[in-house]
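Visitor: I would like to talk through the packing in this structure. Could we take it step by step?
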Amino acid sequence: MEETGRDRDIEGRARNARPRDGLGRPLPYGAPGVERQPEGVVRTPEETVREAQRLLDAGMPFHAHEVFEDAWKSGPVAERELWRGLAQLAVGLTHAARGNATGGARLLRRGAAALAEFAGVRPYGIGVDGLIGWAGELAGRVEAADSHGAAGDGALRGKPVDAIAEAPCLRPPTR
């Protein structure tokens with residue numbers, strides 16, 4: 001950390017150096033955490049999907065979001081909405097897994113909307129139609145559990161979803 005109290009990366013940009021857990025939440029300095037995804041990595045679309053799926057399957061959707069974000073920022077303009085939408089789905093799952101029902105549902109729906117222009121096609125084998133359906137279904141369940149908890153005993157309010165159990169399959173087998 002520098003004199004101003006802000007963490008900096010090797011290029012001098014502000015970057016929080018606190019360790020993070022599997023859902024991307026900052027932990028206290030010195031605590032063991034999950035290795036962060038390096039920023040600005042340029043991958044092929046196949047590498048992007050493979051790495052993001054590995055992270056989703058491991059219950060680390062925040063980290064998968066960072067992989068998608070790299071593709072969104074470095075890929076062709078025509079594909080930016082694809083990668084941005086996938087990043088938003090991953091962040092939506094992150095929020096839902098953290099117990100933030102409102103933010104999770106909102107980002108899941110926003111990500112699904114961004115993917116809508118790719119409906120009916122499978123760019124890089126990505127099952128866009130299935131992901132749109134998955135996002136809507138999960139957003140609905142998260143909102144229902146949240147509203148049920150708010151109206152009832154509160155036991156379900158903000159109940160986190162299991163990030164591993166809810167991880168989407170980016171490339172489902174073709175029929």
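Predicted model: local features only at pLDDT ≥ 70, side-chain atom pairs only at ≥ 80, totals over all residues.

Visitor: Let us begin with the core. How many residues are in the largest nonpolar core, and which have the most contacts inside it?

Guide: The largest nonpolar core has 37 residues. Those with the most contacts inside it are Phe68, Leu82, Trp83, Leu86, Leu89, Ile126 and Leu170.

Visitor: Which helices supply at least two residues of this core?

Guide: At least two residues each come from α1 (45-57), α2 (61-74), α3 (80-98), α4 (101-115) and α5 (128-151). The largest share belongs to α3, with 9 residues.

Visitor: Back to Ile126. What is Ile126 in contact with, leaving aside neighbours within four places in sequence?

Guide: With those neighbours left aside, Ile126 is in contact with Val49, Leu82, Trp83, Leu86, Val121, Leu131, Leu170 and Arg171.

Visitor: Now the helix pairs. At what angle do α3 and α4 pack?

Guide: The angle is about 165 degrees, and the axes of α3 and α4 lie 7 Å apart. An angle over 145 degrees counts as roughly antiparallel, so α3 is roughly antiparallel to α4. The crossing of the two is left-handed.

Visitor: Which residues make that contact?

Guide: On the α3 side they include Leu82, Gly85, Leu86, Leu89 and Gly92; on the α4 side, Gly104, Leu107, Leu108 and Gly111 are among them. By class, the contact of α3 with α4 has 11 nonpolar, 7 polar and 3 charged residues.

Visitor: Is Leu108 buried or exposed?

Guide: Leu108, a residue of helix α4, has a relative accessible area of 0%. Buried means under 20%, so Leu108 is buried.

Visitor: What does Leu108 touch, apart from residues up to four places away in sequence?

Guide: Leu108 touches Gln88, Leu89, Gly92, Leu93, Trp134, Ala135, Leu138 and Ala139. Leu108 and Ala139 are 31 residues apart in sequence, with their C-alpha atoms 6.2 Å apart in space.

Visitor: And the other pair: how do α1 and α2 pack?

Guide: α1 and α2 also meet at about 165 degrees, with their axes 7 Å apart. They are therefore roughly antiparallel to each other, and their crossing is left-handed.

Visitor: Which residues meet there?

Guide: From α1, Thr48, Glu51, Ala52, Leu55 and Leu56 meet Pro61, His63, Ala64, Val67, Phe68 and Ala71 in α2. The residues of this contact divide into 8 nonpolar, 2 polar and 1 charged.

How values were computed:
Residues numbered from 1 in each chain as written. Heavy atoms only, no water. Core = buried A, V, L, I, M, F, W, Y, C linked by side-chain atoms within 4.5 Å. Buried < 20%, exposed > 50% of the residue type's maximum accessible area, 1.4 Å probe, protein only. Helix = DSSP H or I, 4+ residues; strand = E, 2+ residues; numbered from the N terminus. Contact = heavy atoms within 4.5 Å. Axes fitted to C-alpha atoms, helices over the stretch in contact; angles between N-to-C directions. Parallel < 35°, antiparallel > 145°, perpendicular 65-115°, else oblique. Left-handed = near helix turned anticlockwise from the far one by under 90°. Nonpolar A, V, L, I, M, F, W, Y, C, P; charged D, E, K, R; others polar.
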